[in-house]
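Open the model in your viewer and keep the selection tool at hand. We will go stop by stop.

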Amino acid sequence: MGELTLGVFPSLVGSMSLDFSFKIAEAAVAKGHKVNMWLSGNAVMMAKKGQKAFKDYSHNEKKMKELIGKGMEITVCEACAEARGYHKEDTPEGMKRASMDWYLAKTVKTDRLFHIGGE
Amino acid sequence: MKLAVFLSDWRRTEDSFERIKADKMGVVLVGNGIYHAVVKENGKDSPVLSKAGASFYVLSDDLETRGYTAAQVNSKVKVIGYGDIVDLIMNDYEKTAWL
Amino acid sequence: MGAVKLLFVVQRPPYKSENPRLALTHAIASQTAEIYMDDGDSVVPIIAFVGDGVLNAVKDQQAMKIYGVTSTEDHIKNSLLIDMPVWVCKEDMQRLGLKEDQMITEAEDRGAELRTKFVSFAEIQKEMEAVQHLLFF
């Protein structure tokens, strides 16, 4: 099995590309791959605690927690988060915050990089 | 280079896709990119499908989300699921490009 | 693993979207990535502006003066300062009527020795083949 690193930049609301990223991650984990996910730019809001599920909006929190439970590493861009008023205490359990160099460093050992840019 | 290119838009504002070359290229149509597999604007196939030497794939979930079925997909395009995309990325192609 | 080459490809104009800025800030972050890596490993980024993305490299941007935010020009100059190659596609400049004297070509005022390289798309394609990973913004 290999290692897949996903760089995810699309917004939580207004794009289905973030949902796509989680479905890819879920499929890769199910196949036994090690998956790392970097949430950056508008995608950081995906990882903020206390989101209410509305049927009109994407809601991936449950899936995100399940994937973390299965060993997927999810790290949020700290500067992108702070710029949006999302602070350390808002970070769900099991998730990390780091500077952008974390993502760059992951590209060294990963077998594949799937960089899903924003809009 | 073995490259998997992901197209998630129908109307595209950049032209990287037309210019990129690869020894082996897979074009994966996801999100609004699925329209390239099903819409015949003015009766013609999407120009995306004329990329020479490429293999074409479309994500079934994104087709169905938008009201299309596999039966309506252009014969050049293979309908696949998320697991298949993972296999393409991990086994068939070395690099990915989300355009 | 040693040195892993990454190509950041910017396809969109600046300011409407955060994307071009994120390409530059992520690429510049390669400077500090070693804290997460094993000894001997490194990432070597190149940033290439293609398509309408070449508009990011037009000089004399006033984003700080007008909006109080760092300009894309500032990030491009910082990239040159850290010796990160900055490439701009010549054919796209020509298509958009841009001449080299309109573009960010150097950052000598900051002490940068490296200059912007104006290259053909064929050279960028060659680099796409040479690098380990591609990041399109």
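This is a predicted model: local features need pLDDT of at least 70, side-chain atom pairs count only at pLDDT 80 or more; totals for chains, interfaces and linings use all residues.

**Stop 1: chain B**

Select chain B and colour it by secondary structure. Now trace chain B along its sequence. The pattern reads β-α-β-α-β-α-β-α-β.

How compact is chain B? Its radius of gyration is 13 Å, close to the 13 Å that the globule rule gives for 99 residues, so chain B is as compact as a globular protein of that length. Along them, the C-alpha trace spans about 35 × 30 × 20 Å.

Next, look inside chain B. Of its 99 residues, 39% are buried. Then consider the contacts in chain B with a separation of 6 or more. Residues 24 or more positions apart account for 57% of them.

**Stop 2: a helix in chain A**

Move to chain A and select residues 101-109. This is helix α4, and it is mostly covered. How many of its 9 residues are buried? The count is 8. Click through the buried ones in α4(A): A:Asp101, A:Trp102, A:Tyr103, A:Leu104, A:Ala105, A:Lys106, A:Thr107 and A:Val108.

**Stop 3: one residue in a loop**

Stay in chain A and select A:Met72. This residue sits in the loop that runs between α2 (61-69) and β3 (73-77) of chain A. Is A:Met72 buried or exposed? It counts as buried, because it has 22 C-beta neighbours inside 10 Å, and the cut-off for buried is 20 or more.

Now show what surrounds A:Met72. Set aside its neighbours within four places in sequence. The residue is then in contact with A:Ala25, A:Val29, A:Val35, A:Met37 and A:Leu67. A:Asn36 and A:Met72 are 36 residues apart in sequence. In space, their C-alpha atoms are 5.8 Å apart.

**Stop 4: where chains C and A touch**

Show chains A and C together. Their contact takes 22 residues from chain C and 19 residues from chain A. Start with the chain C side. Which elements of chain C give two or more residues to it? They are β1 (3-10), α1 (19-28) and β5 (133-136) of chain C. Highlight α1(C), which gives the most to this side, with 4 residues.

Finally, colour the side of chain C that touches chain A by residue type. Its residues divide into 13 nonpolar, 7 polar and 2 charged.

Note on methods. Residues are numbered from 1 along each chain as its sequence is written. Chains are lettered from A and ligands numbered from 1 in the order in which they are written. Two residues are in contact if their C-beta atoms, placed from the backbone, lie within 7 Å. Ala, Val, Leu, Ile, Met, Phe, Trp, Tyr, Cys and Pro count as nonpolar, Asp, Glu, Lys and Arg as charged, and the others, Gly among them, as polar. A residue is buried if 20 or more other C-beta atoms lie within 10 Å of its own, exposed if 12 or fewer, and partly exposed in between; C-beta atoms are placed from the backbone. The radius of gyration is taken over C-alpha atoms; the globule rule is 2.2 Å times the number of residues to the power 0.38.
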